[in-house]
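Keep the viewer open as you read.

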Amino acid sequence: MTFLRFLLVGVLNTLVGLTITLLCYHVVGTGYWGATAIGNACGVWISYLLNRRFTFRQEADGWSYWLRFLIVVLVSYFLAYRISLIGVHYFFPNLQETVAILIGMVLYTGLNFLGQSYWVFRKSITD
């Protein structure tokens with residue numbers, strides 16, 4: 001059930017984040033890194049609140065959760081989107097970077113869930 005709740009929160013973040021990412025990339029022209037950073041940043045705060053309360057059912061609040069959450073989000077973001085960008089350029093050089101954005105989203109979701117489950121919201125964290 002935890003992963004299902006995580007995915008439900010992710011649907012909301014995906015709708016908001018992907019829309020903003022693609023608008024930034026295609027309309028505003030911020031480039032790959034700017035677009036993905038802005039799009040993902042828009043969902044971070046909502047993601048933290050919903051995952052803390054709804055997904056992992058943590059009642060405790062504090063800087064240790066928020067800091068760990070941000071670390072996992074940033075590491076997941078850079079790993080997922082860098083790997084997907086390299087993969088698209090190396091294996092599919094004729095595809096647009098939009099494909100890398102979509103692949104990066106999938107990788108990001110998996111890495112983020114693992115980090116949130118096993119490091120951020122585990123039951124033994126103390127503030």
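## Ground rules

Two residues are in contact here when they have heavy atoms within 4.5 Å of each other. One more thing before we start: this is a predicted model.

## How α2 meets α3

With that cut-off in hand, look at where α2 and α3 touch. On the α2 side you'll find Y32, W33, T36, A37, N40, V44, W45, S47 and Y48, and they meet Y65, W66, F69, L70, V73, Y77, F78, Y81, R82, S84 and L85 of α3. Sorted by class, that contact has 15 nonpolar, four polar and one charged residues.

Now for the geometry. Two packed helices are described by the angle between their axes and the distance between the axes. For α2 and α3, the axes come within 11 Å and cross at roughly 150°. Angles over 145 degrees count as roughly antiparallel, and α2 and α3 are therefore roughly antiparallel to each other. The crossing of α2 past α3 is right-handed.

## How α1 meets α2

Next up is helix α1, residues 2–28. Its axis and that of α2 come within 8 Å, crossing at roughly 155°. That makes α1 roughly antiparallel to α2. The contact between α1 and α2 has 14 nonpolar, 12 polar and one charged residues. As for handedness, α1 passes α2 in a right-handed crossing.

## A closer look at N51

Is N51 buried or exposed? Its relative accessibility is 2%, so N51 counts as buried. This residue sits in helix α2, which covers residues 31–55.

Which side chain does the N51 side chain make a polar contact with? The partner is T55, at 2.7 Å. Setting aside neighbours within four places in sequence, N51 is also in contact with F6, V9, F56, R57 and F121.

## The buried side of α4

Helix α4 spans residues 97–120, and its buried residues include T98, A100, I101, G104, M105 and Y108. Further along the helix, N112, F113, G115, Q116, S117 and V120 are buried too. What covers the buried residues of α4?

I71 is found in helix α3, and with a relative accessible area of 37% it is partly exposed, whereas G115 is buried.

Notes:
Residues are numbered from 1 along each chain as its sequence is written. This is a predicted model: local features need pLDDT of at least 70, side-chain atom pairs count only at pLDDT 80 or more; totals for chains, interfaces and linings use all residues. Side-chain values use heavy atoms; hydrogens and water are left out. Helices (H or I, at least four residues) and strands (E, at least two) are DSSP runs, numbered from the N terminus. Buried means under 20% relative accessible area, exposed over 50%, partly exposed in between (1.4 Å probe, protein chains only). A polar contact is a pair of N or O atoms within 3.5 Å; within protein, one must be able to donate a hydrogen and the other to accept it, and residues adjacent in sequence count only if both atoms are side-chain atoms. Axes are lines fitted to C-alpha atoms, for helices over the stretch in contact, and angles run from 0 to 180 degrees between N-to-C directions. Angles under 35 degrees count as roughly parallel, over 145 as roughly antiparallel, 65 to 115 as roughly perpendicular and the rest as oblique. A crossing is left-handed if the near helix is turned anticlockwise from the far one by less than a right angle, and right-handed if clockwise. Ala, Val, Leu, Ile, Met, Phe, Trp, Tyr, Cys and Pro count as nonpolar, Asp, Glu, Lys and Arg as charged, and the others, Gly among them, as polar.
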